[in-house]
Amino acid sequence: MSRFCLNFLRLVAFLHVVAIAAGQQRQEQQPTNICQQAASRLPGRISYPADPVYQSSRESYYSGFERALAPGCIFRPTNSAEVSQFIKLVTGDGQYGNASRSPNRSPKFAVRGGGHTLFSGAANIDGGVTIDLREIKSLALSQDRKVASIGGGAVWSDIYPQLVPYNLTVMGGRVPGVGVGGFATGGGVHFLNQRHGWSCDNIYGYEVVLASGEIVYATANSYQDLWLSLKGGSNNFGIVTRFDVATFPQGLMWGGIILFNYTKSVLDAQARAFSNFMNPKNFDSAADMGIILGFRNNTFSVANSLFYVDPVANPKTYQSFTSIPSLGNTLALTDASNMVVQFGKNLPPTIPRSIQLVYSFKNTDAAIYTKLIQQWETDIKPLGNVPGMICQFLIQPQPVSNGTNSLGLKAGETDVVMAIVTAAYNNAADDAAVQPRVQAIVDKHERLLRKQRVYIPFKYLNYADITQDVIGSYGEQIQKHLRAVSKKYDPQGLFQRSVPGGFKLWK
């Protein structure tokens with residue numbers, strides 16, 4: 001395979017899964033007292049800036065935005081009881097001789113799972129306390145092997161190989177390094193989404209530490225309102241220390257990347273093929289794919305990611321894509337765990353500054369896809385000389401919701417598309433050039449889609465920029481429900497005020 005192909009596949013692996021957002025202002029807190037109290041009550045669980053454990057944790061974030069933040073200390077619990085003790089210390093409930101305090105006066109803290117989210121403050125904090133859950137990483141199968149109990153700090157790519165001997169999988173991240181917690185509470189995109197819904201649709205139970213420090217187990221039968229709110233409501237209700245998720249039989253699957261020449265004829269063929277693929281009459285629940293348009297070193301590129309969860313090589317559903325003359329591919333039959341490994345092999349260990357914006361719409365005709373591509377191409381060209389500039393425009397099917405979530409989507413819709421524009425670059429000095437231009441591209445796309453009456457307001461949380469109104473995009477009814485559940489289980493607003501990162505229920 002040519003050097004160009006290899007370089008492009010690195011770009012594909014890098015950008016296909018990045019969920020990035022604009023920077024968030026740092027929270028200036030000095031939680032020396034709470035760190036000292038926690039170190040006293042929970043020996044060995046607190047680390048400070050001079051400690052190797054602290055440095056390793058901070059350096060392991062995927063995003064440069066997150067690595068730039070320096071918490072006053074890092075708390076690394078090993079079970080839900082320790083998380084509960086820490087929350088009680090933060091709120092000063094009197095258990096340890098503290099006066100009870102409101103969230104406005106409580107130390108600020110962040111909650112980290114895998115640390116793969118890229119916008120500033122999503123899972124780290126400046127000066128406050130970061131709760132690093134990665135030691136809570138256990139996996140246990142039920143006796144009938146239909147349910148996997150997974151620690152809230154686990155990483156999906158560490159879970160998958162443990163399930164391969166049983167010919168099972170779970171619906172987690174599609175590349176290595178993605179954590180369970182943020183992914184699952186934000187929705188979750190997986191190879192099985194067209195068949196079984198969003199990943200969060202397939203979570204049976206959550207072990208949650210509430211703002212009071214109480215540990216509860218939320219299911220469809222107990223704490224049902226909390227259970228439903230955690231399916232898209234993110235970090236607004238408590239700290240999830242265990243997820244009980246559905247397992248699925250999974251032997252071999254087929255997939256990989258196929259690379260094409262970036263020409264008008266190829267782009268037109270891609271637009272026709274995708275519009276046809278997304279027609280409900282052609283729906284195939286085993287198929288998950290994307291058109292990946294790239295821009296790097298002033299050069300454009302186009303590829304497809306093609307995945308098929310049944311053990312069928314070159315399935316008929318993809319013939320309109322695979323029949324386009326190509327430059328090379330990585331398509332193969334393998335197990336789901338290895339598919340994740342192979343897809344992520346060229347993923348860089350870290351990324352610098354970046355921005356990502358997401359939007360959704362109903363499938364439309366090929367001419368509109370062509371216009372979207374042309375608009376992206378025209379508007380991204382002026383950024384070609386920005387140091388380290390890489391941009392991707394990804395067009396893919398949106399998961400087919402089964403309705404068991406708080407995302408505000410209609411169940412069973414098979415013709416909804418999700419598009420993501422991502423840019424990565426080296427220097428803060430280029431923020432003012434890159435970020436408004438990426439925003440302008442998406443604004444133009446959304447105007448075109450509104451004009452065509454196919455635009456959908458929904459914004460997928462795990463691909464959204466912090467500037468996007470994710471919770472509002474679920475709809476007024478869902479937003480009201482989420483706020484009511486927050487007030488019920490967190491009446492003082494601890495997870496709204498003391499956890500500033502992420503998408504809050506009130507702005």
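A residue is called buried when its relative accessible area is under 20%, exposed when it is over 50%, and partly exposed in between, using a 1.4 Å probe and protein chains only. By that rule S301 is buried, with a relative accessibility of 3%. This is a predicted model, in which local features need a pLDDT of at least 70, side-chain atom pairs count only at pLDDT 80 or more, and totals for chains, interfaces and linings use all residues. Residues are numbered from 1 along each chain as its sequence is written, and side-chain values use heavy atoms, with hydrogens and water left out.

**Confidence**

- The protein has a mean pLDDT of 92, and 91% of its residues reach 70 or more; pLDDT is the predictor's confidence in each residue, from 0 to 100.
- Residues 1-30 have a pLDDT below 50, and this stretch has 107 contacts in the model beyond near neighbours in sequence; a contact means heavy atoms within 4.5 Å.

**The five-strand sheet**

- Helices (H or I, at least four residues) and strands (E, at least two) are DSSP runs, numbered from the N terminus, and two strands pair if DSSP finds at least two bridges between them.
- Five strands make an open sheet in the order β5-β6-β10-β8-β9, and the pairing is antiparallel.
- At the edges stand β5 (139-141) and β9, each of which pairs on one side only.
- From one strand to the next the twist averages 15°; axes are lines fitted to C-alpha atoms, for helices over the stretch in contact, and angles run from 0 to 180 degrees between N-to-C directions.
- Three bridges hold the antiparallel pair β5 and β6, and A140 has S149 in β6 as its bridge partner.
- Strand β6 is mostly covered, since four of its five residues are buried.
- On to β10, β6 is joined by five bridges in the antiparallel sense, with G151 opposite R242 in β10.
- Strand β8 (residues 203-209) pairs antiparallel with β10 (residues 239-246) over six bridges, and V208 stands opposite V240 in β10.

**Helices across that sheet**

- Helix α5 (residues 80-91) lies across β8, β9 and β10 and runs at about 45° to β8.
- Helix α6 (residues 156-163) lies across β5 and β6 (147-151) and runs at about 35° to β5.

**Strand β4 and its parallel partners**

- Strand β4 (residues 129-132) is covered on both faces: V129 and I131 on one side and T130 and D132 on the other are all buried.
- Strand β2 (residues 73-75) runs parallel to β4 and is joined to β4 by three bridges; C73 has V129 as its bridge partner in β4.
- Strand β3 (residues 109-112) also runs parallel to β4, with four bridges between them, and the bridge partner of A110 in β4 is T130.

**Aromatic rings**

- Rings of Phe, Tyr and Trp (its six-membered ring) pair if their centres lie within 6.5 Å; planes under 30 degrees apart count as stacked, over 60 as edge-to-face and the rest as tilted.
- By this rule there are 26 aromatic pairs.
- One of them joins Y223 and Y489, a tilted pair at 6.1 Å centre to centre with 55° between the planes.
- Because Y223 lies in the loop between β9 (215-218) and α9 (224-229) and Y489 in helix α16 (residues 476-489), this pair ties together parts that are 266 residues apart in sequence.
- Y223 is partly exposed at 32% relative accessibility, whereas Y489 is buried at 11%.
- F274 and Y369 have ring centres 5.3 Å apart and planes at 80°, so their pair is edge-to-face.
- That pair links distant parts of the chain, with F274 in helix α10 (residues 264-277) and Y369 in helix α13 (residues 366-380), 95 residues apart.
- Both F274 and Y369 are buried.
- One aromatic cluster is formed by W254, F274, F277, Y308, Y318, F321, Y359, F361 and Y369.

**Charges over rings**

- A charge sits over a ring if NZ of Lys or CZ of Arg is within 6 Å of the ring centre and within 35 degrees of the ring normal.
- R112 lies over the face of Y61, 3.9 Å from the ring centre.
- R450 lies over the face of Y455, 4.2 Å from the ring centre.

**Placing S301**

- S301 is in strand β14 (residues 299-308).
- S301 and I441 are 140 residues apart along the chain, and their C-alpha atoms are separated by 18 Å.
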